[in-house]
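Trainee: I am new to this structure and would like to know how its terms are applied.
Mentor: Look at it first, then ask.

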Amino acid sequence: MVEQTYKDIYNKFHDELLGNSPEVLNSVREEAFEVFERMGFPTMDQERYRRSNIPSLFEPEYGVNIKHLMVPINGQPFRCEVPGLHTYTFYVVNDVFASDVNKEEYNALKEKGVIFGSLKTIAEEHPELVKKYYAKIAPHKSEAVIAFNTTFAQDGFFVYVPKNVTIEKPIQLINVMHADFDFLANSRNLIILDEGAEAKVIVCDHSEKDRKFLSNRVTEIYIGKNARYSHHKMVDSARATTSIGGVYIKQMEGSTSNISDIVLNAGFVRNDVHIDLAEKYAETTLCGVCIGDEHDHIDNDTFIEHSASNCKSTELFKYILDDCAVGSFAGRILVDQDSQKTEAYQSNKNICSSTHAKMYTKPQLVIYADDVKCSHGATVGQIDDGALFYLRSRGISEKEAKMLLKLAFTNDIIEKIDIEALRNRIKVLVEKRFRGEQHRCTICNSCK
Amino acid sequence: MDIVDKVTNEDYKYGFETQIETELFPKGISEDIVRMISKKKNEPEWMLEFRLEAFRYWKTQEMPHWAHLSIPEIDYQDIYYYAAPKSESSKNPDDVDPELLKTFDKLGIPLSEQKMLSGMAVDAVMDSVSVKTTQQEALAELGIIFCSIGEAIKNYPELVKKYLGTVVNYTDNFFAALNSAVFSDGTFVYIPKGVRCPMELSTYFRINAKGSGQFERTLIVVDDDSYVSYLEGCSAPMRDENQLHAAIVELVALENSEIKYSTVQNWYPGDKEGKGGIYNFVTKRALCKGTNSKVSWTQVETGSAITWKYPSCVLMGDNSVGEFYSVAVTNNFQQADTGTKMIHIGKNTRSRIVSKGISAGQSQNSYRGLVKVTANAENARNFSQCDSLLLGDRCGAHTFPYMEINNETAVVEHEATTSKISEDQVFYCNQRGIKTEDAIGLIVGGYAKEVINKLPMEFAVEAKNLLSVSLEGSVG
Amino acid sequence: MLLEIKDLHAIIKSNGKEILKGINLTVNSGEVHAIMGPNGSGKSTLSSVLAGHPAYEVTGGEVIFNGKNLLELSPEDRSHEGLFLSFQYPVEIPGVSMTNFMRAAVNEHRAYKGEEALSASEFLKLMKSRSEYVELDSKLAGRAVNEGFSGGEKKRNEIFQMAMLEPKLSILDETDSGLDIDALRIVAGGVNKLKNADNASIVITHYQRLLDYIVPDFVHILYKGKIVKTAGKELALELEEKGYDWIKKELGE
């Protein structure tokens, strides 16, 4: 039993773990551990985990960074630049928080009443604020992966945007896996937007290629009444890296969210996204582009719950798989009984361009209200022959034509990203990815 | 649109009970009961072994719970596994008990020579036994075998042995194992090489006895270059208790052959409070074994308290084609979890799925389907369209498609929509003087048209009527 | 000699049906050829085969284009060599903008000739000037290829692309179908403006009316996969007057 190792670690280092951590995080730790102890990791005979063998991911003896040690980074600081875009930059190196926000910026944010920084620190400084939201959105009582995360969570990124405050510049959170040895990182982020607040977050996942890494990152996001939030994640990891965890969002009345997930280089990804449209007139757009080749494994499990009336959701995912890549998409849309006037639209389109690529898709509509407009579509196929011939007849080489068509295939999704500079950047990166050119972000140390 | 329950529900018109003496085996299931059934039917030893093996397997299994259904606990020891009208002992087929003839007359299935429908041969099954099979002689002239499965086991053991259980093995699922152990009667069809069956073959299933379950078994084998169109109908009396129906249908299509299998499922759905009704747990599967073979399932599902049914096609032969056309209506407290599986194995195989769900009252209606393309199934094509229509704000419509694609030459497309019946359309009809009820009938008919049109004529009319009757009182 | 087709035979790959049953045709620079014929005679197949459509297989004969064996070339190289097909049913390509589409095409043509790629501004200038040939709204450039275009816009878009690529031989496959008289005049006007002594056109049409605007030097009648009659432009008029039955009679059918 692979769980035993982690149970032993928890029991053995229990006091140390609690001693290192703020009270708020400790307060649910025991409860979460009990859930993990009882459930164990989800196995492949469970419907939602049929395509990802979670227990096997924990088989290498990673251990847990109980002492919350920072692995030192040599040389220049990380950069993950988007031309034409200035961001507030934060890091989570493995599972330890670091900031790269200068004094001026720091003060400007503080003046607006924005509370931000390390989850660990903020939980000590503002325990009441953190307690109100922490472990309230991600269901650690029913999901073993979240229970595991909650059991060992010590740090991560935190931001609180007060009522009617807009953070103009995007916040950039760079998750880096960096170590000279195999490493398991377990981090936890909490993002809170109060009524009428506005913020945009860009998340970049990177890892070094020399080691085996496993990250389990859980992000909870609370979007208050009429607040507007964007969350764009880009995964650009080495093949030997495994990422699990997910994003759990709760949206209040009239709030809007724009969530995207761009997987450029995966390794092994199991990503859960759960959006609860908890009050009326909330809207969300959830998008994903997943590019996989070699032995990449990309498994997205998404769940949008319409818990209130007059909400709207749009979900679009596209996969392009080559070589032996495996893609899996599950999209559950649940419309509760009194959620009238719901609009829910979901689409999953996939291209398999090699004999060994496999795609599994499972779009699901579960609808208990009647006054709804819901639809979903899913396709698995190849690049359209007619379009390919048309391009070739205009003198475009077959290879180039295929590239153009693959780009076009991903384009409508990338267009949904609401930060122009990022959108353009991602288009360039996707094209470079398809061309097999240097596709790493840019000067980022970790990616060289 | 306000939901005003102003229309009085038309009673389930097939809900009467035939007063006839019934022979019953003791309640419950055991090896002894299985042996008794086999003995009663004078079965050969191999058939008994088939049953016992299945029974032993069944004992190790549990009820499946993955469907989107809430199934009350079923006491399998509180069911009669064999029930037969007493008069069945009469060996002369023309000498059927007049009470039974009357029953089937009332159901619209005349069995006597004078009244027999031309262009259709019927096997009438009540509870555990086949009462009468019509047109057998005319069919026999063409070499077509159309008889009860019991007779087939006796008269054509080699054919039955060759195909029985090859499409649905007893290990397939819980209900398949149960059926394989205790199946009573059902229909056997064999169409020899190069014969286009000139009439519709049909089986009408009737549950009559109280407290009994029906476990029929149908096996249809269509040899090279042949064709058959087969219809299945069913009904049961209105009772407060639930009754179990766990059937297996196996179809085998050989080279260049085609099977059209149509079902109008109208088991008693229970009353307006959700009391009573049939639990319909059925395994239907076709094996498109030969190249260029084709199987098309068409179903209109209006009855049953709970339906668990996935007529499927295993597309093994190159260029074989599978089709599934379904209209499933649920009203009041009915629950349905139905759909299909299309398993693409051969090259250039094609499948098409059209599913139209209609939910009303407090019912739950789910489409569940799998399209699987195996690694060697070059150039597989599938198109699925699954629509749900909601009438009323207490019902549910759910769609669970699964696509597992292991070959890059496949093109698989799934589309689904869920919406409420359009108010604009209803209003437009109203404005032209059509009352709401009729307008809904029109709109639902139009919505289900693509599927209804696939049914043979006689059935299409009945199906349309059934649709509007099933939905009566659902929208005011 | 620009194009020489000798005893060309072709079948539909999927069903093996022979459509072209021995076509002979010679086209010189500066000439306009019209190919007419009843539905199903093989007109569109001929254009598809010349452009290298993968649905067809050439089973006999040869085609020399510009001194090269055309049948050995990939579809894109046929284009590079200067063969242009105006599609009867232009294909919609959602997500690919006209600008990106054409830039890729033009630059590949230039690369084939060993020329440098055009800069973005040079390219846009070219787009603008060429779109005037067919009075094409510049807004179309930002839209996806043919997606949501009207029938007339699609055909004008085809001629615009022809203007961009400056082919040696253009094959206009039923370019007149679905066009109203104004659109027809615009399309034909574009074709005529592009005409010079170094290029040639094959106009495939069912009706005479396009030939009022694009005047052919030769008219060929294609029937059951063969060219059965060749004459000057007066043949088109005769055909218009007497119908295709006349040809059938003349062939003794």
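**Terms and values**

Trainee: Why is K373(A) called partly exposed?
Mentor: K373(A) has 14 C-beta neighbours inside 10 Å. A residue is buried if 20 or more other C-beta atoms lie within 10 Å of its own, exposed if 12 or fewer, and partly exposed in between, with C-beta atoms placed from the backbone. K373(A) therefore counts as partly exposed. This is a predicted model, in which local features need pLDDT of at least 70 and side-chain atom pairs count only at pLDDT 80 or more, while totals for chains, interfaces and linings use all residues. Residues are numbered from 1 along each chain as its sequence is written, and chains are lettered from A and ligands numbered from 1 in the order in which they are written.

Trainee: Where is K373(A) placed, and what does K373(A) touch?
Mentor: K373(A) is in strand β19 (residues 372-381) of chain A; strands (E, at least two residues) and helices (H or I, at least four) are DSSP runs, numbered from the N terminus. Leaving out residues up to four places away in sequence, K373(A) touches E343(A) and S419(B). Touching here is contact, with C-beta atoms, placed from the backbone, within 7 Å. T342(A) is 31 residues from K373(A) in sequence, yet their C-alpha atoms are 6.3 Å apart.

Trainee: What makes β18(A) mostly covered?
Mentor: Of its 10 residues, 10 are buried. K358(A), Y360(A), K362(A), Q364(A) and V366(A) point one way from β18(A), and M359(A), T361(A), P363(A), L365(A) and I367(A) point the other way.

Trainee: How do you know that β18(A) pairs with β22(B)?
Mentor: Two strands pair if DSSP finds at least two bridges between them. β18 (residues 358-367) of chain A and β22(B) have six bridges, in the antiparallel sense. In β22(B), T361(A) has M403(B) as its bridge partner, and L365(A) has T399(B). Within chain A, strand β16 (residues 326-335) pairs with β18(A) in the parallel sense over 10 bridges, where V335(A) stands opposite I367(A).

Trainee: Which chains share the most contacts?
Mentor: Of the two pairs of chains in contact, chains A and B do. There, 27 residues of chain B are in contact with 31 residues of chain A. β22 (396-405) and β23 (411-420) of chain B are the elements that give two or more residues to the side of chain B that touches chain A. No contact joins chain B and chain C, and their closest C-alpha atoms lie 12 Å apart.

Trainee: Why are α1(B) and α2(B) called roughly antiparallel?
Mentor: The axes of helix α1 (residues 31-40) and helix α2 (residues 45-59) of chain B come within 10 Å and cross at roughly 155 degrees. Angles under 35 degrees count as roughly parallel, over 145 as roughly antiparallel, 65 to 115 as roughly perpendicular and the rest as oblique. The two helices are therefore roughly antiparallel to each other. The contact is made by E31(B), V34(B), R35(B) and S38(B) of α1(B) and M47(B), L48(B), R51(B), L52(B) and F55(B) of α2(B).

Trainee: What makes β2 and β5 of chain C stand at the edges?
Mentor: Four strands of chain C form an open sheet in the order β2-β1-β4-β5, with antiparallel pairing. β2 (18-27) and β5 (68-69) each have a single partner strand, so one side of each is left without a neighbour in the sheet. Two bridges join β4 (residues 56-65) of chain C to β5(C), and I64(C) stands opposite N69(C).

Technical notes: Axes fitted to C-alpha atoms, helices over the stretch in contact; angles between N-to-C directions.
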